[in-house]
Amino acid sequence: MATVKVRRNFQQARWDEPIIYDMSVPGVRGILPPPVERAVVDRVGDVVGELGSMLRRELPNLPEVSQKHVLMHWIHLSQETMGANLTNDISEGTCTMKYNPRVNEDLVGEPDFADLHPHQDDDTVQGILQIYHAFEQMLKEVSGMDRFTLQPSGGNHAVFTAASIARAYHAARGEGDQRDETITTIFSHPCDAAAPATAGYKIITLPPDENGIPDLDALRAAVSNRTAAIFMTNPEDVGIFNPRVDEFVRIVHEAGGLAFYDQANANAFLGVARAKESGFDMCHFNVHKTFSTPHASGGPATGAFGCIEALAKYLPTPTVEFDGTRYFLDHDRPETIGKVKDFYGNANNVLRAYAWTMMLGADGLREVADISVLNNNYLEKKLLTVPGLTSAYQGNGIRRQEQVRYSWQTLKDDTGIGTDEVNRRLIDFGIASYWTSHHPWIIPEPMTLEPCETYSVEDLDEYYEALSQVSEESYRDPDFVKEAPYASSSHRRNDEAALDDPKRWAMTWRAYKRKQEV
Amino acid sequence: MGLRFGLIVNPVAGLGGRVGLKGSDGEALQERARQLGAQPEAHVRAGQVLRELAPHAARFELLTYPSEMGERPARDAGLIPTVIGAIRDGHTTGRDTQRAAAELRDSGVDLLLFAGGDGTARDVCDAVGTTVPCLGIPAGVKIHSAVYAISTRRCAEAAMRVLDGRVRSYREAEVMDIDEDAVRAGRVSAALYGYLKVPNESGLVQSLKSGGQTGEEAALASIARAVVEQMTDDRLYIVGPGTTPRAVMTALGLPKTLLGVDVVRNRELVASDVSERQLLDLLGREGAPGAQIVVTVIGGQGYVFGRGNQQLSPAVIRAVGTDHITVIAARTKLAALEGRPLLVDTGDQQLDRELAGYARVIIAKGESMMVKLAP
């Protein structure tokens, strides 16, 4: 066994890299296309003139930067990034990081796949349609659902699809207006509230009971003839599996609602438990959480959505079908909710996820679950010996699944060092900042870690060693920890309030400029 | 020299606690406490905060009142305060606290620190209201008010954040009025007394616990929209005290009695700051059917009835009906309960039991949370 490697002399690359728009110099061009040859012009005519009213009148506001500077800028950004492929990202609890096999990147780069066009005739894309079809069969087997769509471009999008299908289902039964509420639990993924709300539903959130399991009596008090569905995650973000989940489903069904299982992250129960046996009508997987495709900094992603036969008629179009001899796209589905994404979703992720699943086989999927849970329990057992650290609902006698929400409250009480300070010190070891918790913090001073099947025992030990050292430092010299990090050259926001003020931050350059003008 | 901190120490705060007197209000009680061997606590607590601030003395000016009301603990902590005002050493009262608060506010302090308990908070509230940021150093026997830090360390931490310019916002926190005689007689009787403006930081009594959350105002406005949209014509809406119900009235364009109960029908004010009797008259005359009570959770303790809204008596609640109660609260306020149930203490145990179960608390437009409610 290798010795524990903690990167004690880590130094993060970090500087004030300008925004690419700030690098823009008027007139500079990265590419100068040659003039069109005379013979071509003679042959095709005035192509630009034929665009007529489709021709945009104003030039797009694009940065004017040379190729060399674009390349420099891009590499600088990658150097500054503490990305998944260069850090021990056990940190990203609830995100479910796992290794993205390089061979799958080669696969999706193959011209046979990369050069496909979504407007091609079905007969010329039998290969990728076969893969869509085959991956759907695998998902059906893993979940027990009857049909899947791979069209949603991410987990939230799949949950939104579920909410849209719930609405179509109740509308068809004449109860569309009456059933205007969905129920979720406070430790479920936030999209289980947000996506139905976006689809027009009112949201009721259930609290946990004293053991951290969703409160069954609260559900009984919440359901009514207005209940459209329950949207719940299990195990929830604190890592506790709800053993009464079938009871939850039964109560919602008795009230006339549907039950949606958010299994974005199915690492705890692949090959162990299925949505169908718990009675669910719908479920989804984030293929980047469970089936190894890249998180890709927020996409492009794939949310695989599945449902029982009774709901299949509402699935987005087209579905991928097989008539025994050829694969084809079925656009003729009269009761569909319509499209939720252009074309057929992100085919590159479907190919990667299919390849990963084929490499593992059924036994391999089960092994993923076993190792994820084993890794997590190994790490939990070690970490709970760290002074100042406890876990949510510690001592409730329930074994944690694939992640744990810890709490640094004891450390904070003892030393004044809370989770934010620990987090800033941790990056001095070359480990990505960890995920604390969704808001509001129900568990004080939270830290959520998720060591899925990808990580070796050396990775787990490295994480333990680094956190142990931060705890030890906090008791010995809290001011030292408060001033961290030391291995990162610009480590605090100049203006802490700015990030909390929607008037001052923006997600895009255009929005930023607009807000500055106001 | 950057900011100005104000400091008030209530020298007799906390005197009764260790000797079991459940409070220190009034000179007679303070004398009895001293006879029982009580030692003053407030200057010790204030000193703990001041010593943490002392290393940064070059960055702020400390303004305070003479001797035991601040000067002495400040000097003991190694600080050189600017002293204003005058007192009779050893014989200070709530009036001195009120004068000190007003004068420190007028001297332009950026944060007013005061060591004491609920009584001290009431005096500060009388003098300055929400005109200057304040933060309590917990030193009193009983602290029901949400304006105190949970410990002296957290108080110093919050003050440091103010000093560093890292406090993102301030919020109005409850000052409670507890009847000490009733407490000593085994009864808890509390009223909502007023509000002070405190840093919107985690670790205060009513802890928000979620540093990144913004927009208390936006959250309240969203709750208000939810309530207003559900209002039905020709029905009485009895709107309880507090800043959350105030947001409802603001959304209606109506004035709110912050510490009292107002009544609305058809989006118009029917009556302001009503008593139990007036409410019963209204309900009796107009007929209760459809009437609705809108209340929030008071302070960090989770009371829905029986603290600060005694006008909403058992008779009023019964006249309206227990299934016609709308509870509203920001989700951070519920999170701060850390799993503890909401509480009711109407004075009618049978009614308390009927109210128990789960309340569906409105936390935003289109969003509610089921919260256990215990008698």
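Hi everyone! Let's start with a pair of helices: α4 and α5 of chain B are oblique to each other. A word of caution before I go on: this is a predicted model.

So where does "oblique" come from? The axes of α4(B) and α5(B) cross at roughly 45° and come within 8 Å. An angle under 35 degrees would count as roughly parallel, and 65 to 115 as roughly perpendicular. As for handedness, α4(B) passes α5(B) in a right-handed crossing. Which residues make the contact? From α4(B) they are B:Gly94, B:Thr97, B:Gln98, B:Ala101, B:Ala102 and B:Arg105. On the α5(B) side, the list includes B:Gly119, B:Thr120, B:Asp123 and B:Val124.

Now let me zoom out to the chain. Chain B has 13 helices and 16 strands. Of its 375 residues, 54% count as buried. Taking contacts in chain B with a separation of 6 or more, 67% are between residues 24 or more positions apart.

Next, please find the open sheet of five strands in chain B. In what order do the strands stand? The order is β3-β2-β1-β4-β5, with parallel pairing. The strands β3 (82-83) and β5 of chain B are at the edges with a single partner strand each, so one side of each has no neighbour in the sheet. For those of you new to sheets, strands pair through backbone hydrogen bonds, and they can do so in parallel or antiparallel fashion.

Who are the partners of β4(B)? Strand β1 of chain B, residues 3-9, runs parallel to β4(B) and is joined to it by five bridges. To get from β4(B) to β5(B), the chain goes through helix α5(B), residues 118-128, in a right-handed β-α-β crossover. Further along these two strands, B:Gly116 stands opposite B:Pro138.

What lies across the sheet? Helix α2(B), residues 42-53, lies across β1, β4 and β5 of chain B, at about 145° to β4(B). Our opening helix, α4(B), residues 94-106, packs on the sheet as well, where it touches β1, β2 and β4 of chain B. The direction of α4(B) makes about 175° with that of β1(B).

Finally, a quick visit to chain A. Helix α6(A), residues 126-143, and helix α13(A), residues 347-383, have axes that come within 10 Å and cross at roughly 45°. That makes α6(A) oblique to α13(A). Here, α6(A) passes α13(A) in a left-handed crossing. Among the residues that meet are A:Ile128, A:Ile131 and A:Tyr132 in α6(A), and A:Val350, A:Leu351 and A:Tyr354 in α13(A).

Conventions:
Residues are numbered from 1 along each chain as its sequence is written. Chains are lettered from A and ligands numbered from 1 in the order in which they are written. This is a predicted model: local features need pLDDT of at least 70, side-chain atom pairs count only at pLDDT 80 or more; totals for chains, interfaces and linings use all residues. Two strands pair if DSSP finds at least two bridges between them. Helices (H or I, at least four residues) and strands (E, at least two) are DSSP runs, numbered from the N terminus. A crossover is right-handed if, with the strands pointing away from the viewer, the path from the first strand over the helix to the second runs clockwise. Two residues are in contact if their C-beta atoms, placed from the backbone, lie within 7 Å. Axes are lines fitted to C-alpha atoms, for helices over the stretch in contact, and angles run from 0 to 180 degrees between N-to-C directions. Angles under 35 degrees count as roughly parallel, over 145 as roughly antiparallel, 65 to 115 as roughly perpendicular and the rest as oblique. A crossing is left-handed if the near helix is turned anticlockwise from the far one by less than a right angle, and right-handed if clockwise. A residue is buried if 20 or more other C-beta atoms lie within 10 Å of its own, exposed if 12 or fewer, and partly exposed in between; C-beta atoms are placed from the backbone.
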